[in-house]
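I opened this model to look up its ligand surroundings and its aromatic pairs. My notes are below.

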Amino acid sequence: MSVSGVDLSAVPAHVACVMDGNGRWAARRGLPRTAGHEAGLDALFDTVDGALEIGVQWLTVYAFSTENWTRPRDEVRFLLDFNRSILAARRDEMHERGVRLRFIGGRDRRLARSLLAEMDAAAELTAANKRLTLTVAFNYGARAELTEAVRRIVASGTRPDKITEHTIRANLATSDMPDPDMVIRTSGEHRLSNFLLWQVAYSEMVFLDVLWPDFSRTHLFEAVAEYQRRERRFGGLDR
Ligand code: IPE
Ligand code: IPE
Ligand code: MG
């Protein structure tokens, strides 16, 4: 069976997205950058619906990086407030769709308690949902995640010769998730910008020129179709 060119028997279990290009989308329209972030929200929800439609089980989206704190204060503040209001406004809708919401990233003092409380409430409300896990990477950076993992392993007193790849994986924020099968980055940039560095070791990378606010499920389906044309070898020979 297929939906819009997607073979439903070979859908990637885990799709990760670097939602990039909001600022440029706004600039092209003579709007403030924040208008691009607002417009990016519809793209995210359409992507979630598209993922549900074709049966993607894990969708992980990069919403705010550890490096995004270097942006102008007003933009940072907007992004923090915006994320809090989205959560309050849309979590019930996600819940009705059977989406389990989760967050990965640093819970440091720069994040208001009310934002952390909204995140926790959304995660708790949707914890038992099974159709799709939507993980929002917020105040996330892979180097910070790996540094934290090293700290925890050292603090646990594990003997160096007992540390395996499994030990590291088990101490990442994504410990119970499969690695992404595919990473999509929009806006024509060809880089990871500190997203899931450990987990993407064998992910298929799909770079699209479309700016995130113009992204929709149609682009998701095209990216999945592209993924399905690829041959994954994991270092072995053709299978
Ligand atoms: C992605 O869009 C959203 C965040 C990083 C928060 P950008 O804000 O990076 O938009 P561009 O890349 O400047 O166009
Ligand atoms: C990556 O986009 C982070 C998010 C999408 C949240 P950036 O726009 O911050 O990345 P760079 O600065 O272009 O590498
Ligand atoms: Mg950007």
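**Ground rules.** I am working with a predicted model, where local features need pLDDT of at least 70, side-chain atom pairs count only at pLDDT 80 or more, and totals for chains, interfaces and linings use all residues. Residues are numbered from 1 along each chain as its sequence is written, chains are lettered from A and ligands numbered from 1 in the order in which they are written, and side-chain values use heavy atoms, with hydrogens and water left out.

**Ligand 1.** I looked up its neighbours (a residue is near a molecule if one of its heavy atoms lies within 4 Å of it). There are 13 residues around ligand 1, and Asp20, Gly23, Arg24, Arg33 and Arg71 come nearest. I then checked polar contacts, pairs of N or O atoms within 3.5 Å. Backbone N or O atoms reach oxygen atoms of ligand 1 from asparagine 22 at 3.1 Å, from glycine 23 at 2.8 Å and from arginine 24 at 2.7 Å. On its own, ligand 1 has 370 Å² of accessible area, and the protein covers 86% of that. I note that accessible areas come from the Shrake-Rupley method with a 1.4 Å probe.

Which elements give two or more residues to the shell around ligand 1? I find α1 (22–28), α2 (33–54) and α3 (73–96). The largest share, three residues, comes from α1. Helices here are DSSP runs (H or I, at least four residues), and strands are runs of E, at least two. By class, the shell holds three nonpolar, five polar and five charged residues.

**Ligand 2.** I list its surroundings as Val18, Met19, Asp20, Tyr62, Ala63, Phe64, Asn68, Arg71, Arg185, Arg191 and Ser193. Polar side-chain atoms lie 2.9 Å from a ligand 2 oxygen for asparagine 68 and 3.2 Å for arginine 71. For arginine 191, a side-chain N or O atom is 2.8 Å from an oxygen atom of ligand 2. Taken alone, ligand 2 exposes 390 Å², and the protein buries 77% of that. Strand β4 (residues 58–65) gives the largest share of this shell, three residues. The shell divides into five nonpolar, two polar and four charged residues.

**Ring pairs.** I count eight aromatic pairs in the structure. Rings of Phe, Tyr and Trp (its six-membered ring) pair if their centres lie within 6.5 Å; planes under 30 degrees apart count as stacked, over 60 as edge-to-face and the rest as tilted. Why is the pair of tyrosine 62 and phenylalanine 195 stacked? The ring centres are 4.4 Å apart and the planes are at 10°, so the pair is stacked. Tyrosine 62 lies in strand β4 and phenylalanine 195 in the loop between β7 (182–185) and β8 (204–207), so the pair ties together parts that are 133 residues apart in sequence.

Key. Polar contact = N/O pair within 3.5 Å; in protein donor to acceptor, adjacent residues only side chain to side chain. Nonpolar A, V, L, I, M, F, W, Y, C, P; charged D, E, K, R; others polar.
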